[in-house]
Amino acid sequence: MALAGCNAGQWMKCNGSVQMQTLFPALPGEQSESAREGIASHEVTQKMLESFKDATEQTLTMVDVIGTTSSNGVLITDEIAQAATDATTAVITAQPLGGLFDKMHIEQRIDSSFINPEMNYIKPDCYIWDDVNGILDIWDFKFGRRVVEVFENWQLILDAICLREHLDLTGFDDQHIRVRMRIFQPFASHIDGVNRVWECMLSDLRPFANALIDGARVSMTDDALCIPGEQCTYCTGRRGCESLSRSNYNFMDYNGHAIPHELKGLNLSSEYNLLKHYENLIKSRLSGIEEQVLHDIRNGEIVHGLGVTQGYGRQRWRKDVDQEEVIMMGEMMGVDLRKPRELTTPKKCLSLGVDESVIDAYSETPKTNLRVVASDETKARNVFR
Ligand code: SF4
């Protein structure tokens with residue numbers, strides 16, 4: 001069993017997931033299209049940042065990457081190129097004037113074996129160590145649509161703790177160094193925006209280091225417990241996890257015995273939180289079971305009462321199609337196939353260098369429906385930290 005630093009958020013919440021993922025690795029074809037696009041987005045972002053770091057190289061722009069293919073075979077679309085450009089812009093604009101490109105490290109392997117011998121290294125997406133001002137910036141790019149919180153994010157904490165060792169910072173130094181842990185997530189809607197940061201003194205992370213060492217140790221033992229939670233969604237072990245399965249069945253029993261009465265105040269919020277919790281667990285288990293069913297049927301096994309059918313989305317132009325060619329064909333038939341000319345989004349204008357005050361003067365952020373959100377003590381802790 002090996003311990004992956006990028007899964008710290010999973011094994012810190014469920015120690016048993018390391019063993020379960022070893023027993024139930026991803027099935028062939030389980031990697032979704034969005035996961036493959038996420039890998040491609042990381043690769044493009046890495047190339048763009050590298051081009052800024054090396055002053056002798058020409059900086060890569062969207063135009064240079066659109067239409068190319070990533071190493072995992074994904075065609076780089078406008079959307080992927082835009083996400084990579086936005087991530088690159090976010091890193092660059094967070095630096096003081098003049099930039100700290102020579103101090104920028106992209107996807108560098110950092111030793112993490114002092115946390116656990118089974119975890120050889122971690123690979124932060126990007127970090128910048130500004131030793132003059134005592135600021136350590138760490139970036140994690142997330143290209144999925146599911147929100148990842150930055151506050152007390154185990155993966156970023158692990159990055160920061162390993163970098164403290166890597167940079168040879170002492171117990172005195174870390175009390176004077178600010179660490180800015182950042183998540184850039186262009187496709188997920190979050191009240192704090194796509195570019196989120198959790199900032200504290202590096203020494204504030206000492207208790208977390210102890211917890212990580214202990215969590216990693218327990219995860220590698222036979223006593224590791226499986227504790228269902230939101231992390232089940234990305235655990236390949238979910239299709240064979242008894243704990244997840246039982247917690248779902250308990251929930252179904254609980255539903256059967258519920259006594260209807262009008263809830264108020266604390267009872268209402270408890271019920272809401274409980275249902276949301278189990279909603280996530282059921283979705284996780286169901287997606288794991290679906291993967292297993294698809295896999296078995298594809299391999300010719302009979303799964304009683306279930307079959308598969310090909311789903312179809314909305315018809316769209318193929319990604320490799322020359323759009324100008326189609327437009328020309330339309331013109332030959334007397335039809336204008338172009339979209340009406342329209343302004344790009346305020347966010348894109350910002351990344352293209354238009355001044356924020358200009359964008360603010362001409363744009364607005366409409367209010368949408370009210371949503372119920374979790375309001376727990378973590379927000380208060382974040383404010384006071
Ligand atoms: S499915 Fe959930 S409870 Fe089961 S091992 Fe994975 S993370 Fe843990």
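The chain of this predicted model has an average pLDDT of 86, and 91% of the residues score at least 70; pLDDT is the predictor's confidence in each residue, on a scale from 0 to 100. Because the model is predicted, local features are reported at pLDDT of at least 70 and side-chain atom pairs at pLDDT 80 or more, whereas totals for chains, interfaces and linings use all residues. Residues are numbered from 1 along each chain as its sequence is written. Among the elements of the chain, the highest mean pLDDT, 97, belongs to helix 6 (residues 154–166), and the lowest, 57, to helix 13 (residues 377–384). Where pLDDT is low, the predicted coordinates should not be read in detail.

The chain contains 13 helices and seven strands. Both kinds of element are DSSP runs numbered from the N terminus, with helices (H or I) of at least four residues and strands (E) of at least two. The C-alpha atoms occupy a box of roughly 65 × 65 × 50 Å along the principal axes. Of the 385 residues, 26% count as buried. The burial classes rest on C-beta atoms placed from the backbone: a residue is buried if 20 or more other C-beta atoms lie within 10 Å of its own, exposed if 12 or fewer do, and partly exposed in between. Of the contacts between residues at least 6 apart in sequence, 69% join residues at least 24 apart, a contact being a pair of residues whose C-beta atoms, placed from the backbone, lie within 7 Å.

Five strands form an open sheet with mixed pairing and the order 1-4-5-6-7; two strands pair if DSSP finds at least two bridges between them. Strand 1 (104–106) and strand 7 (195–201) are the edge strands, each pairing on one side only. From one strand to the next, the twist averages 15°. Angles run from 0 to 180 degrees between N-to-C directions, and axes are lines fitted to C-alpha atoms, for helices over the stretch in contact.

Within the sheet, three bridges join strand 1 to strand 4 (residues 126–130) in the antiparallel sense, and Met 104 has Ile 128 in strand 4 as its bridge partner. Strand 5 and strand 6, by contrast, run parallel and are joined by seven bridges. In this pairing, Leu 136 stands opposite Val 179 of strand 6. In a regular strand, side chains alternate between the two faces of the sheet. Six of the seven residues of strand 6 are buried, so this strand is largely enclosed by the rest of the structure.

Helix 3 (residues 33–53) lies across strand 1, strand 4 and strand 5 (135–141), and runs at about 150° to strand 1. Helix 6 packs on the sheet through strand 4, strand 5 and strand 6 (178–184), with its direction at about 140° to that of strand 5. Helix 10 (residues 323–332) has zero buried residues among its ten, so it lies largely in the open. Gly 334, which follows helix 10, has a positive phi near 80°.

The ligand is surrounded by 16 residues, of which the closest are Cys 14, Met 20, Cys 232, Cys 235 and Cys 241. Helix 2 (17–23) and helix 8 (242–256) each contribute at least two residues to the shell. By class, the shell comprises nine nonpolar residues, six polar and one charged; Ala, Val, Leu, Ile, Met, Phe, Trp, Tyr, Cys and Pro count as nonpolar, Asp, Glu, Lys and Arg as charged, and the others, Gly among them, as polar.

Glu 107 has 14 C-beta neighbours inside 10 Å and is partly exposed. Gln 108 lies in the loop between strand 1 and strand 2 and is partly exposed, with 15 other C-beta atoms within 10 Å. The C-alpha atoms of Gln 108 and Glu 118, ten residues apart in sequence, are 19 Å apart in space. Glu 152, in the loop between strand 5 and helix 6, also has a positive phi, near 55°, and is partly exposed with 17 other C-beta atoms within 10 Å. Asp 102, located between helix 5 (78–93) and strand 1, is exposed, with 9 other C-beta atoms within 10 Å. Its C-alpha atom lies 9.4 Å from that of Phe 52, at a separation of 50 residues along the chain.

Definitions and conventions:
Near = placed C-beta within 6 Å. Contact = placed C-beta atoms within 7 Å.
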